[in-house]
2 protein chains.
Amino acid sequence: MAVAGYYTPTHVLFGKGAEEEVGRELKKEGATKVLVHYGSERIRKTGLLDKVISLIKAEEIEVFTLGGVVPNPRVSLVRKGVEMVKEHGIDFILAIGGGSVIDSSKAIAYGGVYDGDVWDFYSQKAVPKASMKTGCILTMAAAGSEMSDSSVITNDEGGLKRGCNTDYCRLRFALCNPEFTYSLPAYQTGAAIVDIMMHTMERYFVKGETLSFTDNMATALLRTVVQWGPVALKEPENYEARANIMWASSISHNGFTAFGNCARGDWACHQMEHELSGMFDVAHGAGLSAIWASWGRYVYKEEPSRFVSFGRDVFGLAPTGDDDADALRAIAATEEFFRSLGMPVRISDFGISLTEEQLEELSVKATFFGKRTLGQFMKLSHDEIKDIYRAAK
Amino acid sequence: MAVAGYYTPTHVLFGKGAEEEVGRELKKEGATKVLVHYGSERIRKTGLLDKVISLIKAEEIEVFTLGGVVPNPRVSLVRKGVEMVKEHGIDFILAIGGGSVIDSSKAIAYGGVYDGDVWDFYSQKAVPKASMKTGCILTMAAAGSEMSDSSVITNDEGGLKRGCNTDYCRLRFALCNPEFTYSLPAYQTGAAIVDIMMHTMERYFVKGETLSFTDNMATALLRTVVQWGPVALKEPENYEARANIMWASSISHNGFTAFGNCARGDWACHQMEHELSGMFDVAHGAGLSAIWASWGRYVYKEEPSRFVSFGRDVFGLAPTGDDDADALRAIAATEEFFRSLGMPVRISDFGISLTEEQLEELSVKATFFGKRTLGQFMKLSHDEIKDIYRAAK
């Protein structure tokens, strides 16, 4: 097995009132001019934005603001942020929000120290060599961007959604108060739970050697989310549920659940979903939920026993000895769980009827115009990807 | 619950050949003069020291060496290291070894940027405000010092063993090759397994709220070690066993298994063991093994259900409904597991017959001459500690 890397330098402060530390954390990082980046006006209306600004100013740090990040964040707004950074000499990007805002902040931080167009990093024309410092106040638990090396941005022209992964964009700090997720609507909570689970499931379903330690951690994380997810849906202000889900979201995507495995994950479903939400702007977690079981049924024969272990350790399904049947039961249990969260398990559940042309366009985009396969558990060509999109229709 | 902190900035490279990265990692850290600190002559004899020195020199970094670290590392050698740092303008401490060498390196790194005597930090006369940069090549898996904020040093005069915990001493990098632990003798492997488990058990046994996520992670970690520990004892060159144990050692002590809990842990057994090994120079893990079950039987009534969960989730003991009996079964199962590793479960198993005077001396030292209680699960006074030492006799 190759040398495994693990690098999670983000200083996490977690719990009620964690956001109060924002001024002190920025001061410690030596910030002098901060861009506060956020999405919905909810951040302003609830008073959080004003509170944060005054905490920062109390440390004699200058504040600029840029709101308006949308789900599937756009490169156009990122470019605006980069301009602000260069115009004002901003030296720190503070995200207030969830994955979209953090990903957008990471992109601004790449662009702020780059002479070309920031989209170069997402279209793989260039590789980042540095980044500005970033931090966040987390108000949603799903994407895990607060500890991850990943940033996903959508290009307004053509709806291409692309990721860029480097250690440079790991946040300096993440202030995580689970109370901020109380107001998350049920649909978004459901999508979040799927997203969190999928970050670990993408890493769990690899073909080849895995570290037993990591398998045990991955399934313990998934069990925890399966336990607390429905509680959060039923009781949105249950602190314990929200706290367990929030911390799971961070750990699920920081690399821990792939440590020492033969590969960093499969990621076919994520890439297929990126095209889907690029085209239809559906919630990322909901898109994953609509695709996963079709992917599972298409690929499980590559190594049914992996699905059997998954079913046993996550859903408590005792193996019967018939691996194929047990694998299918595990997939069905997962699908059933996603459905119980109010999530789509087919693309048609969104009210979308995919045409043949759209199936082709999705598959073409997902394979970079046929230039790459997707997946590691099973390597999928353009035609196989199209089969899965069709099965998920 | 208070705001929880999590900070594990150490860049981990893990697997066969991880040590090859040492020169590049030091270069990245900007090191120009490195003190290579190690313990036994085995490091030299196996050729590892020469290999590391030439990898460092290849990056045009100057190398100084200081060997001779012993288990329960001495402040006298630390002081020598601090002198070398100040004399030669050394800017990085590289440990090659396990917990003792890393702890000694951390102490040198504290002392290297301090005007007073480094023991001040361990005797609580002063609090560190900074540290030099440190890294390690890990050759033993037990103490978890490679990712922890902790350093424990013994004062040659009086046998006082004291810890100092701050985030300043978190290593910059840890190069972890499980193959280096193949040659660890059975006794040390057994002691290591207990030490690893105890770092999580000390955190698990707290009285009050815990995060369900963290409970699940803690018990998954313990189950993994319970599975692979005996394999490593039987087949010392089983890579899978050694790898699982090595990674467990790092995660068990980096703070992860206490995240979001009401307290950072109990730590009474650790503090009692520190006095024991300070007085008799026994292996730390073996000392913990000799004490733990006596501690468990003394304190379990504070909250038997915690021991019941522990027995269920770590050893698969189905609860019967009689919490007291189940708690005692869990303690007995743990004791039996330690014994199966060839570890002492009483102090007399070391061949030590504690006298009344020694019992008193241990209890006096453990309580800082009666100035503190030990433990969180149950707060223990001098007399109670003496009872536990006596029960463990």
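1. Conventions. The model is predicted, so local features need pLDDT of at least 70 and side-chain atom pairs pLDDT 80 or more, while totals for chains, interfaces and linings use all residues. Residues are numbered from 1 along each chain as written, chains are lettered from A in the order written, and side-chain values use heavy atoms, without hydrogens or water.

2. A:Thr257. This residue sits in the loop between α9 (239-252) and α10 (268-280) of chain A; helices are DSSP runs of H or I, at least four residues, numbered from the N terminus.

3. Beyond four places in sequence, the contacts of A:Thr257 (heavy atoms within 4.5 Å) include A:His199, A:Arg203, A:Leu221 and A:Ile251.

4. Largest cavity. Its volume is about 50 Å³. Among its lining residues are A:Ala141, A:Thr181, A:Arg242 and A:Met246. Both α7 (186-204) and α9 of chain A supply at least two lining residues each. A cavity is a set of points on a 1 Å grid over the protein atoms alone where a 1.4 Å probe fits but cannot get out; lining residues have an atom within 4 Å of a point.

5. Second largest cavity. About 50 Å³ lies here. B:Ala141, B:Thr181, B:Arg242 and B:Met246 are among the lining residues. α9(B) gives the largest share, three residues.

How values were computed. On a 1 Å grid over the protein atoms alone, a cavity is a set of points where a 1.4 Å probe fits but cannot get out, and a pocket is an open set with protein on both sides within 12 Å along at least five of seven lines; lining residues have an atom within 4 Å of a point. Grid points are joined across faces, edges and corners, and a volume is the space filled by probe spheres set on the points.
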